[in-house]
Amino acid sequence: MRRYREFLIPVVVFGLAGFLPLFLKTYYVHIGILILIWAYLATSWNILGGYAGQHSLGHGLYMGIGAYASTYLALNFGLTPWVGMFVGMAFAAAAGWFVGYATFRYGLKGAYFALVTIALAEAAVYVVSNWKAMGGAAGLEVKYLGTNPFMMQFDGKLPYFYIILVMTLLAVLTAQWLNRRRFGYRLIAVRENEEAAEAMGVNTLGTKINANVLSAVMTAAGGTFFAQYFTYVGPRVVFGEMVSVQILLFAIIGGLGTVWGPLVGAVILVPVAEIARAELGTQFQGAHLLLYGGVLVFTMLFMPKGIVGLVKSVRSRIWKTPDDSVSAPAPEGGAS
Amino acid sequence: MTFSLSVILQAIASGLMIGGVFALISIGLTLIWGVMKIINFAHGEFLMIGLYLTYFLVTQFGMDPYLTILITTPALFFIGIGIFQVSIKPILKHPQMNQIMLTLGISLILQNLALVLFKADVLSVRTRYTGINYTVGGVVVTLTELIAFFGSIIATLALYYILKTTDIGRWIRAAAQNPTAAILQGVDVRFTYLLAFGMGSACLGIAASLLLPFYYTSPTVGLFLGLIAFVVVVLGGMGNFLGAFVGGLIIGLTESLGAAIMPGSLSRVLTFGIFVLFLLFRPQGILSKRQS
Amino acid sequence: MTPLLEVKNLTRVFGGLTAVGDLTFHVDSGEIVGLIGPNGAGKTTCFNLLAGALRPTSGSVFFKGKDVTGRKSHQMCKLGLTRTFQVVQPFPDITALENVMIGAFVRHGSTGAAEAKAREVLDVVGIGHKADVLGRDLTLMELKRLEIGKGLATEPDLLLLDEVAAGLTPVEIDDILALVRRLNSEGMTFLVVEHVMKVIMNLSHRIVVLNFGSQIAEGTPAEISKNPAVLDAYLGEEEYVA
Ligand SMILES: Nc1ncnc2c1ncn2[C@@H]1O[C@H](COP(=O)(O)OP(=O)(O)O)[C@@H](O)[C@H]1O
Ligand SMILES: [Mg+2]
């Protein structure tokens with residue numbers, strides 16, 4: 001049992017979180033779902049951005065693929081999103097492999113990798129906007145069926161809450177698993193020093209591509225859930241720059257390359273942003289994004305390792321305990 | 001859709017005009033990148049500030065749009081300097097990705113501040129220059145586009161002149177090539193960075209005043225124009241002044257020709273496609289030689 | 001018996017500069033071969049070519065009898081040829097133990113086994129007590145030892161050491177030489193680049209001398225120290241202490 005102990009904490013934490021909706025009003029359950037969606041997506045991004053140090057600014061691409069694949073298949077072929085999700089993940093795997101191969105093969109890093117990923121997601125916005133079968137710029141609406149578990153549709157919020165809770169748990173377990181496995185160590189080696197990693201037997205190209213694929217596949221599943229929950233997909237809504245930015249925002253603010261960072265970031269920020277949106281949104285559209293921008297600037301200026309990184313360093317300064325987990329890095333640049 | 005010669009010629013003319021402005025916008029970005037290796041993701045939002053400023057000067061004070069250059073240029077210069085001092089200077093030595101995230105944060109702030117203050121409305125101005133066209137061989141060119149094109153070229157040449165002949169230019173070039181050597185030559189590198197950031201931003205003040213009479217402003221206008229600036233800068237080679245100018249014209253032409261021959265907004269796919277191909281196969285840009 | 005490593009007419013040109021030109025030599029199993037030459041002679045480039053970090057312009061490399069020309073670094077490492085870096089290359093944000101574990105994962109799939117191997121290696125290179133210190137917090141001496149440890153952890157048949165003595169005090173140098181000799185007596189083969197002649201003369205069974213990318217001499221330390229071409233190449237070099 002000892003070797004599974006590392007997974008115990010996430011399971012307990014998420015198990016306890018599962019009781020929360022029983023005491024909360026619907027509106028707070030909705031906020032809980034939003035927290036989990038972003039935590040899930042940020043955790044998926046973190047595998048590539050935080051662990052492997054490759055900062056994709058275009059994860060909306062994979063999110064959009066997942067959202068559109070399941071929605072399109074459900075609308076046109078009546079395919080259940082439970083299966084559509086996996087179709088989307090397969091497409092995202094192909095896209096992730098292609099993007100990873102194309103960029104990493106040519107040694108793109110840092111800012112250059114960031115720019116290519118932005119451009120690809122942005123290109124996807126325009127491709128889909130002009131694609132009639134995909135609903136063009138208007139997007140696609142998920143057909144309303146009332147409660148229908150088979151089609152991943154429910155009238156209430158609770159089922160959605162538990163679906164995304166389990167998904168996020170799985171994502172966190174994946175991160176936890178990476179933390180103490182060969183593949184995870186290799187991701188970190190690539191992030192820390194590619195040349196040295198390569199000399200020590202790490203296939204850096206393959207490792208980066210795999211990280212991109214894993215991250216893309218997980219992100220796509222989030223896209224399907226997103227589409228089902230909001231019952232709508234549109235080019236800007238799922239592929240757009242704001243999606244890509246928000247995905248990485250929570251990981252960076254919470255703590256790059258840490259298991260809990262993305263979740264912590266989302267738990268702290270999403271409720272504040274949602275309340276800002278609810279209270280000020282009609283009068284001041286964009287108030288919550290303003291907040292995100294401010295917090296991002298603050299984080300970069302005063303705690304570049306994010307909340308979890310800060311807590312760790314404070315803890316180790318007070319107790320002088322050696323840090324036994326893989327510590328969070330400052331994001332590495334490396335272009336040119 | 002007809003691909004008649006006149007349509008193509010018209011597209012080329014319009015493409016060159018807007019391309020001149022793209023060039024001016026991008027030169028600011030490439031200057032900042034070339035000198036301090038910072039990729040300013042808020043560049044488009046700085047331009048947006050300039051556009052709103054021009055808009056209010058024209059609509060509230062009845063200023064001539066081209067006279068606003070006298071205000072927007074110094075305004076953007078000082079806004080740039082201010083933002084540099086409080087946020088970028090402290091993290092000059094941090095990893096490049098942190099700097100990118102910081103400027104991304106700034107762009108979020110500015111974009112949404114504009115949304116909060118001015119709502120999502122798309123605003124444009126009518127001035128006494130509006131509606132004046134010239135027709136040459138079937139190709140229509142508006143006066144506002146023409147002024148923007150030549151204005152951008154003059155501004156670019158002026159900046160080039162400053163960089164080539166003045167002391168400030170000499171510091172900037174020294175700091176860009178080798179900060180350590182520049183310090184040894186007695187150049188105050190921090191101050192030079194500050195100036196370069198201010199000048200790169202000031203370009204956007206000029207560009208904004210030239211652009212607004214035939215363009216528009218909205219909180220998200222910087223998103224697209226900022227991305228275009230990135231495309232142009234990569235095309236021209238990061239930090240390459242002349243390259244950014246040529247790149248601006250090329251992207252102007254691509255956008256305009258693409259829109260003429262492709263349905264909907266598919267031309268954007270072409271623009272970003274070129275961008276990706278350049279990043280992959282010619283990251284040093286069109287004009288530079290390949291280093292091994 | 002085929003040599004462990006065989007280098008045939010190896011050449012690498014940078015623009016107009018021939019950093020390594022027509023180099024031919026071999027390393028037998030169990031040997032310590034020294035590769036020396038003045039600054040800029042092409043030693044590091046040679047390592048980069050052998051370890052797969054650079055592609056040769058022409059010529060070939062055979063390892064364990066197999067043509068491995070143009071293989072990538074990680075492939076060479078898996079085949080049993082690992083290099084260390086002249087400028088130490090630690091992973092700064094993870095611990096010394098984890099640094100070495102990355103190497104150990106080449107032969108061990110499970111984290112437990114890799115960690116055990118890494119602890120063993122850290123003890124061998126004498127920084128076992130620093131296991132939990134971050135790469136960025138180690139001293140130069142510890143980093144040099146870590147660099148060797150990272151190489152050893154991949155359990156190579158041939159370890160390429162690039163200027164491990166540079167920047168160390170004589171006592172520290174003796175420590176490292178003793179370590180290399182011990183590992184060699186346990187069967188590991190070494191190709192050692194060293195700028196400091198004294199070190200290489202002490203350590204090597206055989207020496208290959210480079211100048212301007214080409215081999216100018218080969219032989220035992222005793223032969224090399226009397227070779228007029230070698231003395232010529234090193235004339236005026238301050239580190240020359242025969
Ligand atoms: N990547 C490279 N590009 C261009 N020239 C290089 C490169 N690497 C090494 N050189 C040149 O090749 C020559 C040999 O360098 P190097 O192998 O580092 O010498 P050593 O290690 O013997 O001091 C030097 O003149 C060096 O400047
Ligand atoms: Mg060397």
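1. In this predicted model, strand S1 of chain C, residues 5-14, pairs with S2(C) in the antiparallel sense, and the pairing runs over 7 bridges. Within this pairing, Val13(C) is found opposite Thr18(C) of S2(C).

2. The two strands belong to an open, antiparallel sheet of 4 strands in chain C, ordered S2-S1-S4-S5. Strand S2 (17-27) and strand S5 (66-67) of chain C each have a single partner strand; they therefore form the edges, and one side of each is left without a neighbour in the sheet.

3. Chain C also contributes to a metal site. The magnesium ion (ligand 2) is coordinated by OG1 of Thr44(C) and OE1 of Gln86(C), at 2.0 to 2.3 Å. Thr44(C) belongs to helix H1 (residues 43-51), whereas Gln86(C) sits in the loop between strand S6 (81-83) and helix H3 (96-104) of chain C, so the pair ties together parts that are 42 residues apart in sequence.

4. Are these coordinating residues buried, partly exposed or exposed? Thr44(C) has a relative accessibility of 28% and so counts as partly exposed. Gln86(C), with a relative accessible area of 32%, is likewise partly exposed. Both assignments follow because partly exposed covers the range between the limits of 20% for buried and 50% for exposed.

5. As to the interface of chain B with chain A, 45 residues of chain B are in contact with 47 residues of chain A. About 3900 Å² is buried between these chains, and carbon and sulfur atoms give 80% of that area. The polar side of the account consists of 0 salt bridges and 1 residue pair in polar contact, counted with both residues at pLDDT 80 or more. On chain B, helix H3 (69-88), helix H4 (96-118), helix H9 (221-236) and helix H11 (267-281) each supply at least two residues of the side that touches chain A. The largest share of that side, 15 residues, comes from H4(B).

6. As to the interface of chain C with chain A, 31 residues of chain C are in contact with 29 residues of chain A. The area buried here is about 2300 Å², with 58% from carbon and sulfur atoms. Between these chains the count is 2 salt bridges, and one of them joins the side chains of Arg180(A) and Glu115(C) at 3.0 Å, N to O. A further count gives 7 residue pairs in polar contact, both residues at pLDDT 80 or more. Helix H2 (73-79), S6, H3 and helix H4 (111-124) of chain C give two or more residues each to the side that touches chain A. H3(C) gives the most, with 5 residues.

Conventions
Residues numbered from 1 in each chain as written. Chains lettered and ligands numbered in written order. Predicted model: local features only at pLDDT ≥ 70, side-chain atom pairs only at ≥ 80, totals over all residues. Heavy atoms only, no water. Pairing = 2+ DSSP bridges. Donors = N, O, S within 2.8 Å, 3.2 Å for Na, K, Ca; no water. Buried < 20%, exposed > 50% of the residue type's maximum accessible area, 1.4 Å probe, protein only. Contact = heavy atoms within 4.5 Å. Buried area = accessible area lost by both parts, 1.4 Å probe. Salt bridge = Lys/Arg side-chain N within 4 Å of Asp/Glu carboxyl O. Polar contact = N/O pair within 3.5 Å; in protein donor to acceptor, adjacent residues only side chain to side chain.
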